[in-house]
Amino acid sequence: FSCSPTEPLETHDDNAILQKLLLNIAEPSLLQTLINEFDIDGNGIVDCVELPNTMADSVACTLEDGRFTKLKLNNITLSGNIPDNIGDLTELTQLSLKNNNLSEGIPESIGNLTKLTQLSLAKNALSGTMPDTIGNLGSLWYLDLSYNLLSGTLPASLSKLTQLEVFLADSNNLSGTIPSDICNIYDDDSNFELAGNQFCNDFPSCLDTRQKLGYQDCDTSCD
């Protein structure tokens, strides 16, 4: 008799992605401090299980069945770009890389993190446009991209985020017209912050007041 070939088991190395992020800490002394504080097994690197597992800390990681479910690396001078393989952390429900020195664009692979409920990339130097794949994050209720250098328009796919309650994109270089479909996910209980950008005056009906949109500099984007 013959046996049909079995599919190879899918393997994941979430810790390898963590190491790639930590190696981008701009201040070597801070990396060494983290190693000194958290490297329990003394192998010279910090794994998820060695980090605090409460998201109240600036640095935290939780692990379930060998996969990362929450990762927080705030205020540790991460620099460089967000690696493309961040999209391999497919079990994440929370990801925060806030208040670092990350630059370049938000990778398209962020759209693979479909279990995310909270995503914060605020207070970095991220540039380029918001990837259209962000619309894949259907469980997201909290999205903070504020205080970066993001440009271009808001992606139309944003209107797919029907669970979104908090959307902070203030203090960027976003411009153009806000898609009218954003009203499909906005209500009076939503907290949307879009001030400090360059959006034009043809605002959607749900965001058509200065109180809701704050100051917008349209001098360079709406000729």
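Me: Which residues do ring pairs link into a cluster?
Reply: Phe167, Tyr186 and Phe192, in this predicted model. Rings of Phe, Tyr and Trp (its six-membered ring) pair if their centres lie within 6.5 Å; planes under 30 degrees apart count as stacked, over 60 as edge-to-face and the rest as tilted.

Me: How many aromatic pairs does the structure hold?
Reply: Three. In one of them, the ring centres of Trp141 and Tyr142 are 5.6 Å apart with planes at 65°, so that pair is edge-to-face.

Me: And how do Tyr186 and Phe192 sit?
Reply: Their ring centres are 5.1 Å apart and the planes are at 70°, so this pair is edge-to-face.

Me: Is Tyr186 buried or exposed?
Reply: Buried, with a relative accessible area of 15%. Phe192 is buried too, at 6%. Buried means under 20% relative accessible area, exposed over 50%, partly exposed in between (1.4 Å probe, protein chains only).

Me: What about Trp141?
Reply: Trp141 is partly exposed at 31%, and Tyr142 is partly exposed at 21%.

Me: Switching topic, what pLDDT does the protein average?
Reply: 88, and 93% of the residues score at least 70. pLDDT is the predictor's confidence in each residue, from 0 to 100.

Me: Which element has the lowest mean pLDDT?
Reply: Helix α3 (residues 210-213), at 77, while strand β6 (residues 118-120) has the highest, 98. Helices (H or I, at least four residues) and strands (E, at least two) are DSSP runs, numbered from the N terminus.

Technical notes:
Residues are numbered from 1 along each chain as its sequence is written. This is a predicted model: local features need pLDDT of at least 70, side-chain atom pairs count only at pLDDT 80 or more; totals for chains, interfaces and linings use all residues. Side-chain values use heavy atoms; hydrogens and water are left out.
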